[in-house]
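Thanks for coming, everyone. I have one structure to walk you through today. Please bring it up on your screens.

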Amino acid sequence: MKRLLSFCKYSGALALLCAALFMPVAAHGKTIPQLASEMGTELDTQLSQLTSRVTMIVTTPVNLRNLNESSALGLQLSEEFAHYFVSMGYRVQEVRKGSGLFFDELNGEMLLTRNPEFLANTDVSSAVVLVGTYVRTNRSVRVNIRLLHTPTNEVLAMSSGNIPL
């Protein structure tokens, strides 16, 4: 564990992810999965007041200072939110599904891709999309998540949380 934390210390954005995954948040003892669960509960409460369970797409939260950039933290947050909403009974559309199974001798069998050429479908057919941003401050990483109504871009629910550094 010490060796892993030492490696994380020198890896920039990876350090944020390592800190949040391996060390409970100082003041509250929360990890990224716990923060995502709490924020997901808040989003679920807001959304359930509007409608029954809907199909949604979970996207990767991005850096607020550069909306074309994410990190290991954003990738992990999207996985945690997808997990939360599936466990709460929502239908989560997997948009990274490739058009076919890819076999690689060294890496195994894969079906997920981010290469647009290999995606099975690029149409957004869900009613709701989870989007988010994060920003690092001196003392924490602030995470902001929104559930958008796909046809109208209306914000249906919002939640924010902090991961202390």
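Which residues line the second largest pocket? They are Gly98, Ser99, Gly100, Phe102, Met110, Leu111, Leu112, Thr113 and Phe118. A word on the ground rules before I go on. This is a predicted model, so I use local features only at pLDDT of at least 70 and side-chain atom pairs only at pLDDT 80 or more, while totals for chains, interfaces and linings use all residues. Residues are numbered from 1 along each chain as its sequence is written, and side-chain values use heavy atoms, with hydrogens and water left out.

Back to that pocket. A pocket here is an open set of points on a 1 Å grid over the protein atoms alone, where a 1.4 Å probe fits, with protein on both sides within 12 Å along at least five of seven lines; lining residues have an atom within 4 Å of a point. Volume is the space filled by probe spheres set on the points, which are joined across faces, edges and corners. The second largest pocket holds about 160 Å³. β4 (97-104) and β5 (108-112) each supply at least two of its lining residues. β4 has the largest share, four residues. By class, the lining has five nonpolar, four polar and no charged residues. Nonpolar means Ala, Val, Leu, Ile, Met, Phe, Trp, Tyr, Cys and Pro; charged means Asp, Glu, Lys and Arg; the others, Gly among them, are polar.

Now the largest pocket. Its volume is about 420 Å³. It is lined by 19 residues, and the closest to its centre are Val58, Thr59, Glu94, Val95 and Arg96. β1 (55-58) and α4 (72-87) each supply at least two residues of this lining. α4 gives the most, with three. Here the classes are seven nonpolar, seven polar and five charged.

Let's step back to the whole protein. It has four helices and eight strands. These are DSSP runs, numbered from the N terminus: helices are H or I with at least four residues, strands are E with at least two. From the N terminus, the order is α-α-α-β-β-α-β-β-β-β-β-β. Of the 165 residues, 34% count as buried. Buried means under 20% relative accessible area, exposed over 50%, and partly exposed in between, with a 1.4 Å probe and protein chains only.

Next, aromatic rings. Rings of Phe, Tyr and Trp (its six-membered ring) pair if their centres lie within 6.5 Å; planes under 30 degrees apart are stacked, over 60 edge-to-face, and the rest tilted. The count is two aromatic pairs. Tyr84 and Phe85 are edge-to-face, 5.2 Å centre to centre, with 90° between the planes. Phe85 and Tyr90 have ring centres 5.2 Å apart and planes at 85°, so this pair is edge-to-face. Tyr84, Phe85 and Tyr90 form one cluster. Are these residues buried or exposed? Tyr84 is buried at 8% relative accessible area. Phe85 is buried at 0%. Tyr90 is buried at 4%.

One last stop, Asn153. Where is Asn153? Its place is in the loop between β7 (140-149) and β8 (155-164). Asn153 has a positive phi of about 65°, although it is not a glycine. Most residues other than glycine have a negative phi. Asn153 is exposed, at 57% relative accessibility.
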